[in-house]
Amino acid sequence: MTESERRVGRSRACARLGAAFFERPALELAPQLIGCTFLVAGVGGRIVEMEAYGEADPASHSYGGRTERNAAMFGPPGHAYVYRAYGIHWCVNFVCESGRASAVLLRALEPTHGRDMMSTRRGVDDVRLLCSGPGRLCQALGIDRAHDGKPLDAPPFELLQGDERPAVTAGPRIGISKAVELPWRFCEAGSSYLSRAAD
């Protein structure tokens, strides 16, 4: 039995995370989510990479104020903020900290649940390419704009507490042009499922 298969069995007994879990700053929340399991209609895996975006952060979508696109970021913690990047890929964030318009971007998962479905959606067989990047993982999990603003503690979402706390590294965020020096990207140390190797 592989380590991923052992994790599948263990995660079913883990506690579900509710809205109260997200009532904290993005910089605190992002590393705590590493090792948790995120599922959409039963498909997903262990979170191995997150990025934090705060209200006063010039790289954050909320920095310029509320718009139709980013409205979910100004809503209650524990909800999804879904947007399209570059007009091509969907990306999913978890809204956190009431009144602060901050969120954490889900960048990569270790696939553990519904791999066949992910492979069909993505059109690839290499498990390392299923969820290694925010656009890839949204395609693999079937996430799109219809999920924007939905609560993370209700179907089709399920977020489970990790059964262990992996070692976490921090480094610069990816694909942004502002505040690039901030070490607000958090990764599971040694994971082969990251969108890009940790610095």
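This briefing walks through the fold, the cores and a few residues of the chain shown above. The model is predicted, so local features need pLDDT of at least 70 and side-chain atom pairs count only at pLDDT 80 or more, while totals for chains, interfaces and linings use all residues. Residues are numbered from 1 along each chain as its sequence is written, and side-chain values use heavy atoms, with hydrogens and water left out.

**Overall fold**

- The chain has 4 helices and 8 strands, taken as DSSP runs numbered from the N terminus (helices: H or I, at least four residues; strands: E, at least two).
- Reading from the N terminus, the order of elements is α-α-β-β-β-β-β-α-α-β-β-β.
- Of the 199 residues, 51% are buried, where buried means under 20% relative accessible area, exposed over 50% and partly exposed in between (1.4 Å probe, protein chains only).
- Among contacts with a separation of 6 or more, 61% join residues 24 or more positions apart; a contact means heavy atoms within 4.5 Å.

- Helix 2 (residues 26–33) is largely enclosed by the rest of the structure, because 6 of its 8 residues are buried.
- Those buried residues are Ala-26, Leu-29, Ala-30, Pro-31, Gln-32 and Leu-33.
- They pack against strand 2 (43–53), strand 4 (89–96), strand 5 (102–113), strand 6 (157–160), strand 7 (168–171) and strand 8.
- After helix 2 comes Gly-35, with a positive phi near 95°.

**Nonpolar cores**

- The largest nonpolar core holds 37 residues, and Leu-33, Phe-38, Ile-47 and Phe-94 have the most contacts inside it; such a core is a set of buried Ala, Val, Leu, Ile, Met, Phe, Trp, Tyr and Cys residues joined through side-chain atoms within 4.5 Å.
- Elements that each supply at least two residues of this core include helix 2, strand 1 (37–40), strand 3 (80–85) and helix 4 (134–141).
- A second, separate core has 10 residues, including Tyr-81, Val-95, Ala-103 and Leu-105.

**Two buried residues to look at**

- Arg-185 lies in strand 8 and is buried, at a relative accessible area of 3%.
- The Arg-185 side chain makes a polar contact with the side chain of Glu-49 at 2.7 Å (a pair of N or O atoms within 3.5 Å; within protein, one must be able to donate a hydrogen and the other to accept it, and residues adjacent in sequence count only if both atoms are side-chain atoms).
- Tyr-193 sits in the segment after strand 8 (185–188) and counts as buried at 14% relative accessibility.
- The C-alpha atoms of Tyr-193 and Cys-131 are 7.4 Å apart, although 62 residues separate them along the chain.
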